[in-house]
Amino acid sequence: MKCIITIELGTNGVRVFAFDLNGRVIGSMKGYFPTFHTEPDHSEQDPEQIFITTLYVLKNLLNEHIHPKKHEVACICFSASMHSVLAVDKSGNPLGNAITWADNRAKKDAQELRTTAFGKKIYAATGTPIHPMSPLLKITWMKNRDKERFRMASKFLSIKSYIIHQLTGELLMDYSIASATGLMNIHTLDWEADALKYAGITTARLPELAPVFTTAGKLKKAYLQSLRLPPETKILIGSSDGCLATLGDGVKGEGKATITIEDSGAVRVMGPSVLKDEQMRFFNYLLTENCYVSGGPTNNGGNIFEWFSRQFGDFTNAFDIETSMQQLMEEASKVPLGSDGLLFLPYLLGERAPIWNAHARGAYFGLNIKHERKHFIRATIEGILYEIYSIGKILAEQRAIKSLSVNGSFGTIPFCTQIIADMFNKPVKLRPQLHSVSFGAYLLSATEMGIYKSLDAAAQTVELPGVYKPRKQNHAVYADYFNIFEKLSVKLFDEFEAIGSLQQKYSVK
Amino acid sequence: MNQFVLQHGKSAELLLFPHILEVGIRKNGAIQLNAFPATVTQCLRIYYIMDGRFEWLVDQQPYIFYPGDAALILPGTPFGSDNGVLEIGSFSWIHLNIQQLDNGHLQPGAWSGLSESESAALGKILSLNGSPVISKCPEIGKILRCIHTELFGNEVGYQASINHQVDELLIQIGRKMTRQSHSARDFPKSFMKLEAALRQDLAHQWTVEEMAALVGMGTTLFNERVKSYSGFSPINYLINIRISEAIKLLKRPEITVTDIALDTGFYSSQHFSTTFKKLTGYRPSEFRKNHLRNK
């Protein structure tokens, strides 16, 4: 039997899935790699460890699920987190670690550029919000503050480009990853001269651009041998996690939107045109030519509930956060919706969409003498989801949203999914297994192999069996509270900045 | 018990215990000058506070100790009070002659009933721990009291009992220290600390017991948690780090493959070569030829 393998290079590690040609999962494995925070705003990963972990997990999956059953690997397709930057020397060897999406070292440059007309022009051309996450600003930071590395850098790659370069020797960047660098013009499908000039580089220092269906060379002999794969195994460059999660949920066509809530979150739509926004609140990334994945990202998703559980949950078993979170969810479900008027702003990690304020901080609001511990639990969950709703609300100003799908470990918890349905007042569908990104990579591969005529046709076959229906009376309650939430999220602008700088001033190292 | 001091070479009570260099209780009723100056010794020193409040310098850093707290002073670390002042209060102590290996790890001697990997793990915890303060640990006081009683009582079996108590002392300190530095609520954080410890000493022949002890877990739970968190067994995760570091070193021409093998914790260049080839398909030397920096 032929099979398709997908490799997802994520924030916390690599996930490898094997699908049969009908999209059924044959097997999956994961491998963790760490993120290093050597300085407060830094967030880095070791490219060699990512490579070795990827190879190790792939090898284990092949040896356990594929080779013993004599399955034939037709294609290996990649997906990856967006916004990473890795400088390499002229031999292609890394100059230090890769800088990940979560890195904030370029925040000053970002703040300056964001308010200028030039910044707005670059945003309109590249689709990537002006934010420290953007490789445009990370490379600019390197140019100004890490001059030696900048000078030595022969090329600036993404993590995925590096991994594929190791495996096949090709030096490429797919449209999806490239469209999230702030350096690619998403309308002309070429590198954007203004952005490159700002970063102080030329196209010679970037990999070649490649559509997501591109075959990225052939596996080197040594890897063919160690992985026991035939030379004709196709290596498909693939796309980004955000684009593939959207495709994997079948969100192609009018009126559909998808919500991802893992550690962080996003609300996305897909269509033939970009979302224009004077306030630069949305991203517009490319899946393929004339197919844009647009939406808004949040910093504060499941990681905030995890923080809450760690601080206030019961830990009867050491290190068992899952049980602790489950117990908290159960307690929260006994609290009336709206948490009897206790609101939570979840901005513990600053915020991107919709307020784009790195200084934002968390707050509980509306406390009265009758509130108990359990109200805090529910308010925390509702706060995270109000924030998701607030992104959906501004998206809906530009695109009619009729149906929603949810993916990601936090969003698919039944208690949360129902709240999402109630807040949006829309039916919410989901996939029982948690692998929208990899399923998107499967659809991409299967389309490339001719199993589906087009990505549209592939997306149409997606069936999401679980449905959560909205309850009108619940929606009314959430809508009332959301009015206050939305006002609070911008009302504290000066105080957010003031408390943030005091936190920095008095922080004890 | 009243105050006393027994010293190795002077006190007959310690003849059977060459590893116990000093043991004692001090009850101090008035502030005394020049009674507790900073000293450096090559033994492991443990002080347990029974009464009062003491401000002591460990490695030039001031720490405050309260009743129930203990101070752990590693070999070669200066310890004493500022200007030698001894404050009011009482404390007991023990000085242990514990072998310190070249890599800074502590190893108890033949008197100990701890297995080799257990003592390596404990040594690792003690030497990696950042703070000399063990707060609220009455068990330490209890064990010291028991050692005193046995030393003076000379009841049958007291030699074995005392050696046993010294082991128990090290175990309690090790456990308390890992619990102090690892919240049982945050596995990712503990895992990152373990990661950093592994990277700092990649050449060390790590055992699962040592790794588990460092994060304050039993090996069964540790294996399970690491597997579900990282996708790898602890040893395979370690191999991941070893090969990743080796790749970086292979890209630099000035280090020999044998040195890389030993630096990254492989038994030999042969062991390195086999593991490396199994995973990557390349022998280290081939990989180096293909990737050498600035070739």
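How many salt bridges does the rule find across the interface of domain 1 of chain B and domain 2 of chain B? The rule finds one, and we'll get to its residues below.

## Before you start

This is a predicted model, where local features need pLDDT of at least 70, side-chain atom pairs count only at pLDDT 80 or more, and totals for chains, interfaces and linings use all residues. Residues are numbered from 1 along each chain as its sequence is written, chains are lettered from A and ligands numbered from 1 in the order in which they are written, and side-chain values use heavy atoms, with hydrogens and water left out.

## Chain B and its two domains

Chain B is split by its domain assignment into domain 1 (4-181) and domain 2 (184-295); such bounds come from an automatic or database domain assignment. Their C-alpha centres lie 35 Å apart. Ten residues of domain 1 of chain B and 13 residues of domain 2 of chain B take part in the contact, where contact means heavy atoms within 4.5 Å. About 840 Å² is buried between these two domains, and carbon and sulfur atoms give 63% of that. Buried area here is the accessible area (1.4 Å probe) that two parts lose on being put together, summed over both.

Now for that salt bridge, defined as a side-chain nitrogen of Lys or Arg within 4 Å of a carboxyl oxygen of Asp or Glu. Lys124(B) forms one with Asp201(B), and the closest N and O atoms are 2.8 Å apart. H1(B) has the largest share, six residues. Helices (H or I, at least four residues) and strands (E, at least two) are DSSP runs, numbered from the N terminus. By class, that side of domain 1 has four nonpolar residues, five polar and one charged. Nonpolar covers Ala, Val, Leu, Ile, Met, Phe, Trp, Tyr, Cys and Pro; charged covers Asp, Glu, Lys and Arg; the others, Gly among them, count as polar.

## A three-stranded sheet

Chain B also has an open sheet of three strands in the order S5-S4-S7, with antiparallel pairing. Strands pair if DSSP finds at least two bridges between them. S5 (61-65) and S7 (79-80) of chain B are the edge strands, each pairing on one side only. Strand S4 (residues 54-58) of chain B is joined to S5(B) by five bridges. Look for Phe54(B), whose bridge partner in S5(B) is Phe65(B).

## Where chain B meets chain A

Between the chains, 42 residues of chain B are in contact with 39 residues of chain A. The area buried there is about 3300 Å², and carbon and sulfur atoms give 52% of it. The rule finds five salt bridges across this interface. Asp186(B) forms a salt bridge with Arg310(A), with the closest N and O atoms 3.4 Å apart.

Which helix of chain B gives the most to the side that touches chain A? H7(B) does, with nine residues. The class count for this side of chain B is 18 nonpolar, twelve polar and twelve charged residues.

## A quick look at chain A

Chain A has a domain assignment too: domain 1 (2-243) and domain 2 (302-391 + 472-505). The C-alpha centres of these two domains lie 33 Å apart.
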